[in-house]
Amino acid sequence: MEKIKIQMPDKVRKILHRLQEHGFEAYAVGGCVRDACLGRVPSDWDITTSAMPEQVKGLFRRCVDTGIAHGTITVMIGEDGFEVTTYRVDGKYSDGRHPDEVRFTPCLEEDLKRRDFTINAMAYNDTAGLIDLFGGLEDLQNRCIRCVGDPRRRFNEDALRLLRAIRFSAQLDFEIDPDTFEAARELAGTLSRISEERIAAELIKLLQSAHPEKMQLIYESGMSAVFLPEWDRIAELSCAGAHHSGTVGEHTLRVLQNVRPDRMLRLAALMHDFGKAETAVQREDGGMAFPEHAREGEKLAKKILQRLKLDRLTMDTVGALIRIHSESPGETPAQVRHFASAIGPELFESYAALKRADILSRSAGDPEEDLKRLERAEELFTQILERGDCLCIRQLALSGRDLIADGMQGGPAMGKVLEALLDEVLTDPEKNTREYLLERSRELRGQ
Ligand code: ATP
Ligand code: MG
């Protein structure tokens, strides 16, 4: 085979060279080598070296002790930081998530052996070329995720690898080697050892990947039974009816593929129909109906996101998108203004993206008419923004302060008056003048 040559950034070459000229071994390693072999641009370059952390620190002017206990020093060159880690063997894992101790080793092979998948266990420098001890390059060419060594043992050491296997398969569009996948199925239950935060981080990477439909493997492997049983409950739920045949799970996978890889949108797509499990009723014609499933879905999603320790903004945004996903914005400018105002104008674009994906992901019926209606609403919304139509109380030509100056007391009554004024202005933007609103507010106050 011809010798592989990887183009490394100058700064990486400089770091490797400096370590080597002082008698140490040094390689680019892991994800960057994998990505470079695939012709992708690596997001960051990690370096592995035989030098001990203190020796690394002695060779570079600016270093940060990022993970010195694990042998990692961040070497700063200009604005950029590079993680340089001493060759290491992970000691015994008695808890299935952290090695009890890390031990440094002078041997590159041992460092590569501790890594999760063959495609992540290659090292490279310009002198030695590609160091590929476990068939990583072949697995890259065959588009295969395979554990380094015995998959049962490797998953037992660190259960996070179970999720990482599926995450990499989604990012790279690779298959998981059958033996590795079988081991993952057997050990899916051990994911319970992993903290919700780390599970969430992997889940979000999977969702934001090029192939979020690999969420199906999370179900098939039994992993969702551990951290997302709500997914299991819709995976095989029939949604036969006017717009659908097949299952809610299949529909959800298509919606995931049909929204752009935005974190909020992908999370909302994943959970938008979770409420169907709780609300399913059989109709007389044999089809299924799911009354109020969007509201139920919002509740479930918020619970799940809280359980996964995600932030408040994510909970609120994803919850709101799910709540409104089955509503329609209407067909007239006034209806669209009312709708946008009710959901919050900043959510309109995401709402429309989720709605479009939802319509496109139906498995029965003609989507054309609903798509046209949505497009028309989007056009109207664009015009509304361009004209600067008032969509919230803050944009009214009359403020609470004006009302107080006019003799009104602050408090809930004033809020009601402002709401009523906004309602009128949403129907007719021409009415958004100080004079009209002042007069109208006096009528509303019974003066
Ligand atoms: P990404 O593009 O997501 O950063 P990556 O391959 O760089 O992908 P990291 O999580 O940054 O992934 O890890 C860097 C390297 O460390 C991996 O390529 C792998 O060799 C090793 N590694 C990371 N996590 C584990 C783990 N849980 N078990 C074994 N090896 C791991
Ligand atoms: Mg990385």
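Trainee: In which hand does α22 cross α23?
Mentor: This is a predicted model. In it, α22 passes α23 in a right-handed crossing.

Trainee: Which numbers describe such a pair?
Mentor: Two packed helices are described by the angle between their axes and the distance between the axes. Here helix α22 covers residues 412-427 and helix α23 covers residues 434-444. Their angle is about 130 degrees, and the axes are 10 Å apart. Oblique covers angles between 115 and 145 degrees. The two helices, α22 and α23, are therefore oblique to each other.

Trainee: Which residues of α22 and α23 meet?
Mentor: From α22 come Val417, Ala420, Leu421, Glu424 and Val425. From α23 come Tyr436, Leu437, Arg440, Ser441 and Leu444. By class, the contact of α22 with α23 has seven nonpolar, one polar and two charged residues.

Trainee: Now a second pair. At what angle do α13 and α19 cross?
Mentor: Roughly 135 degrees, with the axes of α13 (residues 248-258) and α19 (residues 348-360) coming within 8 Å. That makes α13 oblique to α19. The crossing of α13 past α19 is right-handed. On the α13 side, the contact holds His251, Val255 and Asn258. Leu354, Ala357, Asp358 and Leu360 meet them from α19. The contact of α13 with α19 divides into four nonpolar, two polar and one charged residue.

Trainee: Where do nonpolar side chains tend to be in soluble globular proteins?
Mentor: They tend to be buried together. In this model, the largest nonpolar core has 126 residues. Leu19, Met215, Met223 and Met271 have the most contacts inside it. Helix α7 (residues 160-172) gives the largest share of this core, eight residues. There is also a second, separate core of seven residues, including Tyr27, Val29, Tyr87 and Leu108.

Trainee: What does Leu19 touch?
Mentor: Set aside residues up to four places away in sequence. Leu19 then touches Phe24, Ala26, Ile47, Thr49, Ala51, Val56, Leu59, Phe60 and Val84.

Trainee: Is Asp111 buried or exposed?
Mentor: Under 20% means buried. Asp111 has 0%, so Asp111 is buried. Asp111 is found in helix α4 (residues 108-113). Beyond four places in sequence, Asp111 touches Thr48, Thr86, Tyr87 and Arg88. Compare a position elsewhere in the chain: Leu421 is 310 residues apart from Asp111, and their C-alpha atoms are separated by 68 Å.

Trainee: How does Ala280 count by relative accessibility?
Mentor: Ala280 has 29%, so Ala280 counts as partly exposed. Ala280 lies in the loop between α15 (276-279) and β12 (281-282). Leaving aside neighbours within four places, Ala280 is in contact with Met288, Ala289 and Phe290. The C-alpha atoms of Ala280 and Ala294 are separated by 12 Å, at 14 residues apart along the chain.

Trainee: Last topic, backbone angles. What is the phi of Glu292?
Mentor: Glu292 has a positive phi of about 60 degrees, although Glu292 is not a glycine. Glu292 lies in the loop between β13 (288-289) and α16 (293-307). With 57% relative accessibility, Glu292 counts as exposed.

Trainee: And where does Lys309 lie?
Mentor: In the loop between α16 and α17 (312-324). Lys309 is not a glycine, yet its phi is positive, about 65 degrees. At 51% relative accessibility, Lys309 counts as exposed.

Notes: Residues are numbered from 1 along each chain as its sequence is written. Chains are lettered from A and ligands numbered from 1 in the order in which they are written. This is a predicted model: local features need pLDDT of at least 70, side-chain atom pairs count only at pLDDT 80 or more; totals for chains, interfaces and linings use all residues. Side-chain values use heavy atoms; hydrogens and water are left out. Axes are lines fitted to C-alpha atoms, for helices over the stretch in contact, and angles run from 0 to 180 degrees between N-to-C directions. Helices (H or I, at least four residues) and strands (E, at least two) are DSSP runs, numbered from the N terminus. Angles under 35 degrees count as roughly parallel, over 145 as roughly antiparallel, 65 to 115 as roughly perpendicular and the rest as oblique. A crossing is left-handed if the near helix is turned anticlockwise from the far one by less than a right angle, and right-handed if clockwise. Contact means heavy atoms within 4.5 Å. Ala, Val, Leu, Ile, Met, Phe, Trp, Tyr, Cys and Pro count as nonpolar, Asp, Glu, Lys and Arg as charged, and the others, Gly among them, as polar. A nonpolar core is a set of buried Ala, Val, Leu, Ile, Met, Phe, Trp, Tyr and Cys residues joined through side-chain atoms within 4.5 Å. Buried means under 20% relative accessible area, exposed over 50%, partly exposed in between (1.4 Å probe, protein chains only).
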